[in-house]
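My entries follow in the order I worked.

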Amino acid sequence: QVQVVESGGGLVQPGGSLRLSCAASVSIFSRLTMYWHRQAPGKQRELVATITSSGNTNYADSVKGRFTISRDNAKKMVYLQMNSLKPEDTAVYYCNARRPLVGGTWADYWGQGTQVTVSS
């Protein structure tokens with residue numbers, strides 16, 4: 001079982017920055033692909049950023065150049081640095097850990113989410 005816990009959300013003015021943190025309590029953290037998703041009120045959950053076990057990253061077009069995902073395998077943490085925040089970034093942000101299983105399948109584990117509100 002993998003426990004995933006996010007932190008770091010809050011209220012920030014447009015143009016400001018926040019850093020979200022995600023802790024995953026599992027010994028094989030370095031093998032996990034980690035994701036940040038977000039869900040705004042009345043909208044579907046969307047994938048924001050991905051970081052693979054080898055450190056490759058990918059971003060949604062809406063956040064490219066503003067958000068940076070990173071990981072610290074020694075601390076079993078993944079981060080989302082969010083700069084130049086816009087009101088449309090307001091959402092609950094979720095961390096997701098994907099654990100590879102035998103046979104090419106995987107198991108997904110989710111945190112409880114952290115609220116990010118961008119408003120003046």
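**Sheet.** I began with an open sheet of 4 strands, ordered S1-S3-S8-S7, with antiparallel pairing. Strands here are DSSP runs of E with at least two residues, numbered from the N terminus. Two strands pair if DSSP finds at least two bridges between them. I then looked up the edges: strand S1 (3-7) and strand S7 (67-72) each pair on one side only. Neighbouring strands of this sheet are turned by 15° against each other on average, with direction ignored. For that angle, axes are lines fitted to C-alpha atoms, and angles run from 0 to 180 degrees between N-to-C directions.

**Ground rules.** I noted that this is a predicted model, where local features need pLDDT of at least 70, side-chain atom pairs count only at pLDDT 80 or more, and totals for chains, interfaces and linings use all residues. Residues are numbered from 1 along each chain as its sequence is written, and side-chain values use heavy atoms, with hydrogens and water left out.

I took S7 with strand S8 (residues 77-82): they pair in the antiparallel sense over 6 bridges. Which residue in S8 is the bridge partner of Thr-68? I found Gln-81.

**Cysteines.** I searched for disulfides (cysteine sulfur atoms within 2.5 Å). The count is 1 disulfide. Cys-22 and Cys-95 form it, with sulfur atoms 2.0 Å apart. The angle about the S-S bond is -80°, and the link is left-handed. Cys-22 lies in strand S3 (residues 18-25) and Cys-95 in strand S9 (residues 91-100), so the pair ties together parts that are 73 residues apart in sequence. Are these two cysteines buried or exposed? Both Cys-22 and Cys-95 are buried (under 20% relative accessible area with a 1.4 Å probe, protein chains only; exposed is over 50%, partly exposed in between).

**Val-92.** I stayed on strand S9, where Val-92 is also found. Its contacts (heavy atoms within 4.5 Å) took me to His-37, Arg-38, Gln-39, Gly-113, Thr-114 and Gln-115, not counting residues up to four places away in sequence. I also checked Pro-41, which is 51 residues from Val-92 along the chain. Their C-alpha atoms are separated by 8.5 Å.

**Rings.** I looked for charges over rings (NZ of Lys or CZ of Arg within 6 Å of the ring centre and within 35 degrees of the ring normal). The charged end of Arg-45 sits over the ring of Tyr-94, 3.8 Å from its centre. The charged end of Arg-45 also sits over the ring of Trp-110, 4.7 Å from its centre.
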